[in-house]
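User: I would like a close look at one part of this model. Please keep it brisk and spell out the cut-offs.
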Amino acid sequence: MFRKFAVILAALASVTLAGCGYNTLQSQDEGIKASWSEVLNQYQRRADLVPNLVNTVKGYAAQEEKVLTEVTQARASVAGIKATPELINDPEAFAKFQAAQNQLSGALSRLLVVAENYPNLKSDALFRDLQSQLEGTENRITVARNRYIKTVQEYNTTVRQFPTNLTAMIFGHKVKPNFAVADEAAVSAPPKVDFNKAPAPAPEKKSDAGSGASVAAAGDLLKQGY
């Protein structure tokens, strides 16, 4: 009798938990972990390319020490952050991780711009291969980040909306930090175009009045016998 009652109670509990969003929260949480692992995988792939890329550029453009140092230091900053699964539950740590990755992205962009000034470097087969791998990895990073953003949005919506927010509160589920656009304020600001600005005045032409006066004076002198 007791066993039968326990089975019925377990069945009721299962239905209740499913109806209040518990299973949805668990499923979405696992989705976030999977998408986060893919983000880390692609970021690591990019970091692994940096040493060879720096050494190749250095072989042709050793004088670009500042840019090469920036890339190396940015990679070191990325490597210094422990990207554990728990990081996605810590907004402050997540923000530092994102800042470090953005710093590396900027440094790599500047490095590739510098490379444009060295034709021999651009024609180097190893450099072209590394550049191609880097471009492919950046695309994969974008895809992985977008997937992570979407899964986190779905999870955060479930955590915050009623009645699943009650279940989230009971079992300790909180909203997770998400990626944001780097320099969002600058990106969102529209370019300023002022069509009312008065055009610059045209340069004044030199007057010929002075030369005309000189000619007239010379004529008067001739008339007077000079």
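Does α2 pass α6 in a left-handed or a right-handed crossing?

Analyst: The crossing of α2 past α6 is left-handed. A crossing counts as left-handed if the near helix is turned anticlockwise from the far one by less than a right angle, and as right-handed if clockwise.

Some ground rules. This is a predicted model, in which local features need pLDDT of at least 70, side-chain atom pairs count only at pLDDT 80 or more, and totals for chains, interfaces and linings use all residues. Residues are numbered from 1 along each chain as its sequence is written, and side-chain values use heavy atoms, with hydrogens and water left out.

Now the geometry. Two packed helices are described by the angle between their axes and the distance between the axes. Helix α6 covers residues 125–160, and helix α2 covers residues 22–60. Helices here are DSSP runs (H or I, at least four residues), numbered from the N terminus; strands would be E, at least two. The axes of α2 and α6 lie 8 Å apart, at an angle of about 160°. Axes are lines fitted to C-alpha atoms, for helices over the stretch in contact, and angles run from 0 to 180 degrees between N-to-C directions. That angle makes α2 roughly antiparallel to α6. The classes are roughly parallel (under 35 degrees), roughly antiparallel (over 145), roughly perpendicular (65 to 115) and oblique (the rest).

What lines this contact? The contact of α2 with α6 has 18 nonpolar, 11 polar and 9 charged residues. Ala, Val, Leu, Ile, Met, Phe, Trp, Tyr, Cys and Pro count as nonpolar, Asp, Glu, Lys and Arg as charged, and the others, Gly among them, as polar.

Helix α2 also packs on helix α3 (residues 65–79), at about 165° with the axes 10 Å apart. That makes α2 roughly antiparallel to α3. This crossing is left-handed. From α2, A47, D48, V50, P51, V54, V57 and K58 make the contact; from α3, L68, V71, T72 and R75 do. Contact means heavy atoms within 4.5 Å. By class, that is 7 nonpolar, 1 polar and 3 charged residues.

Helix α6 has a further partner, helix α4 (residues 91–115). Their axes come within 13 Å and cross at roughly 150°. That makes α4 roughly antiparallel to α6. The crossing of α4 and α6 is left-handed. On the α4 side sit F94, Q98, L108, L112 and A115; on the α6 side, F127, Q131, L134, E138, R145 and Y148. They divide into 7 nonpolar, 2 polar and 2 charged residues.

P163 lies in the loop between α6 and α7.

A last word on confidence. The protein chain averages a pLDDT of 79, and 71% of the residues score at least 70; pLDDT is the predictor's confidence in each residue, from 0 to 100. Over residues 183–203 the pLDDT is below 50, and this stretch has 2 contacts beyond near neighbours in sequence.
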